[in-house]
Amino acid sequence: MQHPLWTPSPARIAASRMGAFRCFVNQRHGLQLADYPALHAWSVAQREAFWQAIVDFFDIRLHTPAACVLREGPAMPDAQWFPGATLNFAEHLLRRRDGHPALVAIAEDGSREQLSHAQLAAHIAGLQRALREAGVGIGDRVAAFMPNTWQTVVGMLASASLGATWSSCSPDFGTQGVLDRFGQIEPKVLIAAAGYRYAGKSIDLTDKINEILAQLPSLERLVIVPYSRHEASPADYKSVAPVALWQDFYQPGGAPQFTPVPFDQPLYILYSSGTTGVPKCIVHGVGGTLLQHLKELGLHTDLGASDTLFYYTTCGWMMWNWQVAGLALGATLVLYDGSPFHPAPTRLIDLIDAENISVFGTSAKFISALEKAGVKPRASHTLTSLRTILSTGSPLAHESFDYVYRDVKADLCLSSISGGTDIVSCFALGNPTLPVWRGELQCKGLGMDVQVWDADGHPLSSGKGELVCTRHFPSMPLGFWNDADGDKFRAAYFATFPGIWAHGDYAEQTAHGGLLIHGRSDAVLNPGGVRIGSAEIYRQVEKVPQVLESIVIGQDWQGDVRVVLFVRLRDGVTLDDSLREEICQAIRTNTTPRHVPAKILQVADIPRTFSGKIVELAVRNVIHGQPVRNTDALANPQALALYRNLPELNE
């Protein structure tokens, strides 16, 4: 009989904010909600009461009160949350003003900078004045081409304090990738790093920035953060707009002011991966983002003012936006910029002990890579402070759960979470009051009516299907930029099931109230008409020690679809018949014969987006001789050539 890998102690449950919130709801509404399933059911059935409870529990300050909590039409997407209310996002992230550390920025070379909550507010106040003098106001776009460091956080909060809209890309994006994003939103101000470091190398961004500037006619001010290129000078940049170095553009000091804006004022513009065309510019609102992030960080992650939160992310991934909201709970954020494996695979694990990190966020790929590298943190580190590990980006393999509890730490909450850029938050995530079951996401998020449907739109209590959300939620995007009639927005999320949100996850509900994510719906394999989630195959392949990583696609073949697996192997290992059979046996034994690939091929690299997600659709297009419309969305577009015109796929 299966048992949980971890169960929270009664003391931990009693001390959790999730437990306190359940008591708060019970007392306010005269209820007796005994556990999380009861609380979740209530939060979905009584959405107005639930989201009002979030506002009050987290003391969200509305400068102008709302006319009501929710005004909605007959079908999604047609809702106004807290109509008439005004607030300011940055105000809530800057409520703590003492000497406790707010930001600890650590670069790959080991340099460390720290800002207290009081110092952070002083920097925001100074930059706010400078941006206001540059003409930045409500609705203007401020864009950042920046690494994950404290200046980026200051830039975002100063922009948000003025009611401006923030958008960022990481510096590893190519010129066209940046222009595909910023070119659409026409920023008034660009904050850019002169250089950055990665894997022991220092990269000069001067030429790339000049190429970008030549195609951003909307720009009225360029602010250069020297960062790794200390000798940077305004004269280096061919800008029609005035140029200033970060340290000259503003002086910290004073207290920030906060401009109240409507609840649905655009706060962030995030971007789809763009692997099938120009990226979609996804617009997220001030109020919905704040409520959702406070709920997820405060309740589901149990983050508090004494905690230190770390997430390995770039500024081009939504987890950066999510992590920053930890400031609203008074927590300390550790920001790391650089390779997670330089100079050694334990680089990020070292940070846990050095910075007393209590909540450590990473990707499923990183956890798998640690295990493949033979890292056993339990034996080499104390990890005393570590209470929670968060994992996202792709489904976390069952074996990775085993690895964490065996080789990292036995007493911690391992929370695999899933949502995405589309909602800048999660549909399913962790819970400090629930056990962790092998391979499962612990629970559906509060207030999120998440279900799994079959192809005909019928809810499934078991079995695999499409992950949907059947009712409005506050962090639903306001829409796409430059999509005035909303046609592209509705096509992206509401075409599969009219009036129902579906963003393309292939999922399964579990007996424990959790979820399994089997991969992307558009990457589902269909041999002989049987739907197979790619994650089901990856899970088995990862067990084979010679395989570092893999990618699987369905190839159209003789009127059907056959499964083709590509593997990247350890240095010095060659794919031979014996290894092929070992891989096939691992898949056959633990899944079904239909899961076994018809072809297994060795490749030197696997194409990925900048946030580390493998791109099955792009590889599928290449092997079928179809174009990949936007290779600038890939971190390693040259890898696609490895899959082109392979003779083995004609046999």
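Predicted model: local features only at pLDDT ≥ 70, side-chain atom pairs only at ≥ 80, totals over all residues.
Which residue in β17 stands opposite L309? Residues are numbered from 1 along each chain as its sequence is written, and side-chain values use heavy atoms, with hydrogens and water left out.

The residue opposite L309 is L333. Strand β16 (residues 308-311) pairs with strand β17 (residues 332-337) in the parallel sense, over three bridges. Strands are DSSP runs of E of at least two residues and helices are runs of H or I of at least four, both numbered from the N terminus; two strands pair if DSSP finds at least two bridges between them. Both strands belong to an open sheet of seven strands with mixed pairing, in the order β5-β4-β17-β16-β18-β19-β20. At its edges, β5 (112-116) and β20 (413-416) each pair on one side only. From one strand to the next, the twist averages 15°.

Helix α6 (residues 117-133) touches β4 (101-107) and β5, and its direction makes about 85° with that of β5. Helix α16 (residues 398-408) touches β19 (388-392) and β20, with an angle of about 155° between the directions of α16 and β20. Angles run from 0 to 180 degrees between N-to-C directions, and axes are lines fitted to C-alpha atoms, for helices over the stretch in contact.

Helix α4 (residues 47-57) packs against helix α11 (residues 286-300) at an angle of about 70°, the axes being 10 Å apart. The two helices are therefore roughly perpendicular, a class that spans 65 to 115 degrees. Their contact (heavy atoms within 4.5 Å) involves F50, W51, I54, V55 and F57 of α4 and L291, Q292, K295 and L299 of α11. Of these residues, seven are nonpolar, one is polar and one is charged. Nonpolar covers Ala, Val, Leu, Ile, Met, Phe, Trp, Tyr, Cys and Pro; charged covers Asp, Glu, Lys and Arg; the others, Gly among them, are polar.

The loop between α11 and β16 contains S306, which counts as exposed because its relative accessibility is 69%. Exposed means over 50% relative accessible area, buried under 20% and partly exposed in between (1.4 Å probe, protein chains only). The C-alpha atoms of S306 and A118 are separated by 16 Å, at 188 residues apart along the chain.

Helix α9 (residues 206-213) is mostly covered, with six of its eight residues buried: T206, K208, I209, N210, I212 and L213. These buried residues pack against β6 (141-145), α8 (175-185), β8 (189-193), β10 (201-204) and β11 (221-225).

Definitions and conventions: Parallel < 35°, antiparallel > 145°, perpendicular 65-115°, else oblique.
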